[in-house]
Amino acid sequence: MKGTAKTAFMLLVHNHPEQLNKFLMQLVEEEAADVFIHIDAKSDASMRERIIRHPHITILEERVAVSWGDISQVDATLLLLEAVCNSDVHYDFVCLRSGQDLLVRNGFKQFLAEHRNSLFLAYRTLQEKDFGMVKIQWPKIVRNRYANYHPLRLLRRLLLLLYKRGVHILPNRRYFPEHFTLYKGSQWFTIPFEAAVFIIDFLNKNRWYYPFFEHSLVPDESFFHTLLLNSTYKEKVINTNLYFLKWGESLKERNSPQCLHIGDRALIENSNMFFARKFNEQFDKEVVEYFKARVKLDRANELVAHKY
């Protein structure tokens, strides 16, 4: 291994600044990385002032109001990508994470140095029966997050069901190349700096791309995946987001990662993943303190490196 990888972390945050500060210290102690932060425009006005000041932490001035299932998730990520690409630093990797994450395994810098040309992105090919996610022109009110039996959530299910059966209501008529394959997956990624530059350059040169996804459902789970996996970077993509997540079991919770607690410690550690989410100190502070004390970005891992 030659040296270590210099990483720009991009964080999407909206609450819990004191907990966020613990994640930040995992990342920037010993000047191990740079961090770029987007604060949701809907967040409390004091949020910015409660985040630690550090020469390796940059908080974006421009902010968007981020909503679940909406293109605003993509917009916030693009602001972060542009900030990283326009900085004076040439990073090795760019890593998108949330403010409710923690590092849960040492050796991440070593790991990246051993996989310098790889992209880490969890994905699957979007099947034709599921094209309604992107090929319906979803009204914003239908894209919002609702409780299980809210009428608009039921309407959303109905529109998807009808699309599967060939009834295309509110079709997305925006241009999209026939030779492109649609992909879907987790919004969180770790990619080489050159791939981040490629994303911005591609969007500047291909103005049709963004509008196609603008009114799609949960576009953050397909926008970057489809772009990268229809490029020459596809062969370098490793199908993982390097996260441990615990999914809910009920209908209400099965599509959302659940808050982690100290009882999940063994599951987290045995997963061999470098990150976990989501954490909430108000739910369980002990597990946050446990990983904060034991894991740092610049700390080596004595265990055998995970192979992909």
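A crossing of two helices is left-handed if the near helix is turned anticlockwise from the far one by less than a right angle, and right-handed if clockwise. Keep that in mind for the views below of this predicted model, where local features need pLDDT of at least 70, side-chain atom pairs count only at pLDDT 80 or more, and totals for chains, interfaces and linings use all residues. Residues are numbered from 1 along each chain as its sequence is written, and side-chain values use heavy atoms, with hydrogens and water left out.

**View 1. Helix H1 packs with helix H11.** Helices (H or I, at least four residues) and strands (E, at least two) are DSSP runs, numbered from the N terminus. H1 covers residues 17-28 and H11 covers residues 285-294; they pack at an angle of about 15°, with their axes 10 Å apart. Axes here are lines fitted to C-alpha atoms, for helices over the stretch in contact, and angles run from 0 to 180 degrees between N-to-C directions. H1 is therefore roughly parallel to H11 (a term for angles under 35 degrees). Their crossing is left-handed. Look for Gln19, Lys22 and Gln26 in H1, which meet Lys285, Val288, Glu289, Phe291 and Lys292 in H11 (contact means heavy atoms within 4.5 Å). The residues of this contact divide into two nonpolar, two polar and four charged. In this sorting, Ala, Val, Leu, Ile, Met, Phe, Trp, Tyr, Cys and Pro count as nonpolar, Asp, Glu, Lys and Arg as charged, and the others, Gly among them, as polar.

**View 2. Helix H1 is mostly covered.** Ten of the twelve residues of H1 are buried (buried means under 20% relative accessible area, exposed over 50%, partly exposed in between, with a 1.4 Å probe and protein chains only). Among them are Leu20, Phe23, Leu24 and Leu27, and also Asn21 and Lys22.

**View 3. Helices H2 and H7 cross.** The axes of H2 (residues 72-85) and H7 (residues 193-205) come within 10 Å and cross at roughly 115°. This crossing is left-handed. Leu78, Leu81, Glu82, Val84 and Cys85 in H2 meet Phe193, Ala196, Val197, Ile199, Ile200 and Leu203 in H7. Sorted by class, the contact has ten nonpolar, no polar and one charged residues.

**View 4. Ser271 sits in a loop.** You can find Ser271 between helix H10 (265-270) and strand S10 (275-277). Ser271 counts as partly exposed because its relative accessibility is 22%. Val104 is 167 residues from Ser271 in sequence, yet 9.9 Å away in space, C-alpha to C-alpha.

Definitions and conventions: Parallel < 35°, antiparallel > 145°, perpendicular 65-115°, else oblique.
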